[in-house]
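Thanks for coming, everyone. Please look at the screen for a moment before I start.

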Amino acid sequence: MSGNFDPKKTQPYSGEEGPKVDRTRIIGTPGPGEGAGGVQPPLDPKRTQVVGTGGAAVDPGKTQIYQGPGVSPQRPAPQNRKLVGWLVSFTLHPNGVDFRLYEGRNTIGSRPDCDIVLQDAQVSGHHLTILYRAGKYRFKDELSTNGTFVNGEMVDEGELKDGDILKVGTVELKFRTV
């Protein structure tokens, strides 16, 4: 079987021998000949690369979620908090990235303990808070270094309306309600 490999055709999988296909490589767990200490050889653009985060093993049979630069990890919905809106950005990724807003307080900043983490040098640690209460969306800039802009105007606090554009650092976020 191993001598008959044709990369243009579907190959049967033999669980006993393991896959013989050398076109997919999992990064994060060193394979044979990849050096001591997990040092990886240069990436080959002609091969599929499955990249894990933090050296964790990746299962290429499962869907992977892109969490690239500037994107906060998607967190599970907080218990007993209703989904009330979204912030959508096309500046972080050309296909768009959305962040969920929940009933109560939603924090935005560069610190990992914020509800929405934006990895931008112009975003303060705790930059902005959006509060949903009694059917209204209020926002407050948390004395950030570079300020918060709503529809092109620097504003410290106010009420958000559906379709407003927030600018936090270099990131533009369109506000959408449920």
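Which residue forms a salt bridge with Arg176? Asp162 does, and the closest N and O atoms are 3.5 Å apart. Arg176 sits in strand β13, while Asp162 sits in the loop between β11 (157–159) and β12, so this pair ties together parts that are 14 residues apart in sequence. Keep in mind that this is a predicted model.

How open are these two side chains? Arg176 is partly exposed, with a relative accessible area of 34%. Asp162 is partly exposed too, at 42%.

Let me stay with charges. The whole structure holds four salt bridges. Glu159 and Lys161 form one of them, with 3.0 Å between the closest N and O atoms. Glu159 counts as partly exposed, at 32% relative accessibility. Lys161 is partly exposed, at 47%. Arg111 pairs with Asp113, and there the closest N and O atoms are 3.0 Å apart. Arg111 has 39% relative accessibility, so it counts as partly exposed. As a general point, side chains of opposite charge can pair when their charged atoms come close.

Now for a charged residue without such a partner. Asp120 lies in the loop between β6 and β7. Asp120 is buried, yet it has no salt bridge. How far away is the nearest side chain of opposite charge? That side chain is Lys167, at 8.6 Å.

What does the Asp120 side chain meet instead? It makes a polar contact with the side chain of Thr170, at 2.3 Å. A polar atom of the Asp120 side chain also lies 2.8 Å from the backbone nitrogen of Gln122. Leaving aside residues up to four places away in sequence, Asp120 touches Val168, Gly169, Thr170 and Val171.

On to the strands. Six of them make an open sheet, in the order β4-β3-β13-β12-β9-β10, with antiparallel pairing. Which strands stand at the edges? They are β4 and β10 (153–154). Each has a single partner strand, so one side of each is left without a neighbour in the sheet. Take the pair at the start of that order. β3 and β4 pair in the antiparallel sense over six bridges. One detail to find on screen: Gly85 has Leu101 in β4 as its bridge partner.

Next, look at β5, residues 104–109. β5 pairs with β7, residues 128–133, in the antiparallel sense over five bridges. Thr107 stands opposite Thr129 in β7. How does β5 pair with β6, parallel or antiparallel? That pairing is parallel, over two bridges, and β6 covers residues 116–117. Here Gly109 stands opposite Val117.

Last, the inside. The largest nonpolar core has 22 residues. Which members touch the most others? They are Leu87, Phe99, Leu118, Ile130, Leu160, Leu166 and Leu173. At least two residues of this core come from each of β3 (83–89), β4 (97–102), β7, β8 (136–141), β12 (165–168) and β13 (171–177).

One link to take away. Strand β13 supplies at least two residues of the core, has a place in the six-stranded sheet, and holds Arg176, the residue we began with.

Definitions and conventions:
Residues are numbered from 1 along each chain as its sequence is written. This is a predicted model: local features need pLDDT of at least 70, side-chain atom pairs count only at pLDDT 80 or more; totals for chains, interfaces and linings use all residues. Side-chain values use heavy atoms; hydrogens and water are left out. Two strands pair if DSSP finds at least two bridges between them. Helices (H or I, at least four residues) and strands (E, at least two) are DSSP runs, numbered from the N terminus. A nonpolar core is a set of buried Ala, Val, Leu, Ile, Met, Phe, Trp, Tyr and Cys residues joined through side-chain atoms within 4.5 Å. Buried means under 20% relative accessible area, exposed over 50%, partly exposed in between (1.4 Å probe, protein chains only). Lys and Arg count as positive and Asp and Glu as negative; His and the chain ends are not counted. A polar contact is a pair of N or O atoms within 3.5 Å; within protein, one must be able to donate a hydrogen and the other to accept it, and residues adjacent in sequence count only if both atoms are side-chain atoms. Contact means heavy atoms within 4.5 Å.
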